[in-house]
Amino acid sequence: MSTTRRKPARTDQGTHRDTDAGHHRELLASMLLIRRFEERCVELYSAAKIRGFVHLYIGEEAVAVGVLRALTASDAVVSTYREHGHALARGVPADSVMAEMYGKITGCSRGRGGSMHLFDEGRRFYGGNAIVGGGLPLAAGLALAERMRGGPGVVCCFFGDGAFAEGEFHETANLAALWDLPLLLACENNLYAMGTPLHEEHAQTDLAMRAASYGMASWAVDGMDVLAVEEAARRAVDGIRAGHGPHFLELRTYRFRAHSMYDPDRYRDKAEIERWRQRDPLLVLGTRMRAAGELDDMSYTSLDQEAADVVDRAVSAAESAPLEPAADLLRYVSTDPGDLPESLR
Amino acid sequence: MTTTYREALRDALREALAADERVFLIGEDVGAYGGAFGVSLGLVEEFGPLRVRNTPLSESAFVGAGIGAALAGLRPIVEVMTVNFSLLALDQILNNAATLRHMSGGQLSVPLVIRMTTGAGRQLAAQHSHSLEGWYAHIPGIRVLAPATLPDARGMLTPALADPDPVVIFEHGSLYNVSGELEAGAGPVDISSAAVLREGEDVTLLAYGGSVPKALDAAELLASDGVTAEVVDLRSLRPLDDATIMASVARTHRAVVVDEGWRTGSLAAEVCTRITEQAFWDLDAPVARVCGAEVPIPYAAHLEQAALPQPESITAAAREVVGRRG
């Protein structure tokens, strides 16, 4: 690994905190909710109940759940177009996410954003950005505001290995390191930019090493192991709060499904998908919990049923929710005086 | 008092930085260098490098950082050296700044001001000279301003900062050294209206930014022919002030639109269309346009001048529509 200005880059093999069974159950429940939510999205998409580009996170749940567990409510999150998992793990209610998929007024973006543009200002969840890398500069700005105000807040920006090839990543990494911004760069390396494999998109595929060249603490993490992700994210967030500037995590993960619902997934070997399924984050955590006597078939079924119930209720609520009146089409383009937030009045 | 366009812009920046702790200026070389065109010269000594903040040559990142800081409740003023360079940040401006409010169902506000230089006339060749205000005026979700006069250079920033939505301000490069009298204590101006700068009865010359002084010169030339031209400074390119435009056309019955941008798909095309949509029955002649030639702006002085609207070409177009040739 290369030398850095602040901290050496290193590879985390995943040493786990000795956390209690309740904590593990919460992590498992959170991942199950994302899994069941998205499986329902597949059905709803096939039934033409929801439309647009829908990018599923199935297989990557450990990343969202592990990283977001390390943040507090006052930290900020910037996400990608594959963000159902981020939104749910951040605490955006499944009802409001599902209603957004339906294009209903009760959706978290009032039906104007859809799957790729989930927002929740109250939870400091700033999208939902469908331009690859487009959220990175914005995250630097949120972090700059934290720094200028001298607050303890951290900004977490998710992006994929595809975004690492964009100028946006390199401009933002340089700016963040230069200005010591409290920014967590969470790179979800799922090995494919749409259908292009990592080695065809990057001359050097060791992303953590490249990020380290900007002088930021940077390391790779097993992204299928939620405890390893959480541990790494906590260490990074602690470093950021301690004033050591931006940190970079390369979260090595895999999506079990295609790039989007439109994608027939012709570019990868089924055996490769099967190999990764052996490391399904639900399986990895579940196996560890069973070995520790924290989980049995009955409790797993019960947790799973709770997740399915939440999704059922979200679907029912979305089905019966009203649409925004078409007469309000032009609302929220510019600020109506009546819509002004308190801080601007 | 006598001042220049550049000094008026600087006074506005100084006042904004002094008035509100949330305001900061960010951009390439805005610090000790004073900005590429000297607008912010001296401000870093007054307000320090955290509030007059130099950036790397990373248009997308620092414009995007301005958007993020605005989302978090600060009031950034982002300087982009020229409109040509702003294309490197167009994704952030269009896909984020202009879009986040709507796409979030009204949850997010981006109270951001972006200033940039535009226009030709200084022999800087194609990559520093284009006039793309019309492209920005195409985008819903942003306000687009073009100060052409000293009061506007001094007075547009304050209301732009008070706007809860993103505002892009175009400063024409040929105006920075223009000097004139500005009322001491000149304050904020209205940023939603066009202005009648000179009254006339025979034809309305509609212009903005660097073309405004040329339209005023053309009006002088026309006056010596006995043609009285009304000169309207559009000032706000988005939204356009239809009321002032149509009221003027209703008085003069003829219109010439002056636009340094390329003719095809230009802001001038939009203004012409609105006049034919809203004031067709007031017209005594087809609306005319004097636009930039459809060529990347060349370096050589004579070619560059030939590519731009000039008092002579504006005068010729005005004579045509009032039926007085030669």
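Tyr136(B) is buried, with a relative accessible area of 1% (buried means under 20%, exposed over 50%, partly exposed in between, with a 1.4 Å probe and protein chains only). This is a predicted model, where local features need pLDDT of at least 70 and side-chain atom pairs count only at pLDDT 80 or more, while totals for chains, interfaces and linings use all residues. Residues are numbered from 1 along each chain as its sequence is written, chains are lettered from A, and side-chain values use heavy atoms, leaving out hydrogens and water.

**Ring pairs**
- Over all chains there are 15 aromatic pairs (Phe, Tyr or six-membered Trp rings with centres within 6.5 Å; planes under 30 degrees apart are stacked, over 60 edge-to-face, the rest tilted).
- Tyr254(A) and Trp276(A) are stacked, because their ring centres are 4.9 Å apart and their planes are at 5 degrees.
- Tyr254(A) is buried at 0% relative accessible area, whereas Trp276(A) is partly exposed at 22%.
- Over in chain B, Tyr136(B) and Phe170(B) make a tilted pair, 5.6 Å centre to centre with 55 degrees between the planes.
- Phe170(B) is buried too, at 2% relative accessible area.

**Ring cluster**
- In chain A, ring pairs join Phe159(A), Phe164(A), Phe169(A), Tyr214(A) and Phe248(A) into a cluster.

**Charge over ring**
- Arg53(B) has its charged end over the ring of Trp179(A), 4.6 Å from the centre (the cut-offs: NZ of Lys or CZ of Arg within 6 Å of the ring centre and within 35 degrees of the ring normal).
- Arg268(A) lies over the face of Tyr192(A), 5.7 Å from the ring centre.
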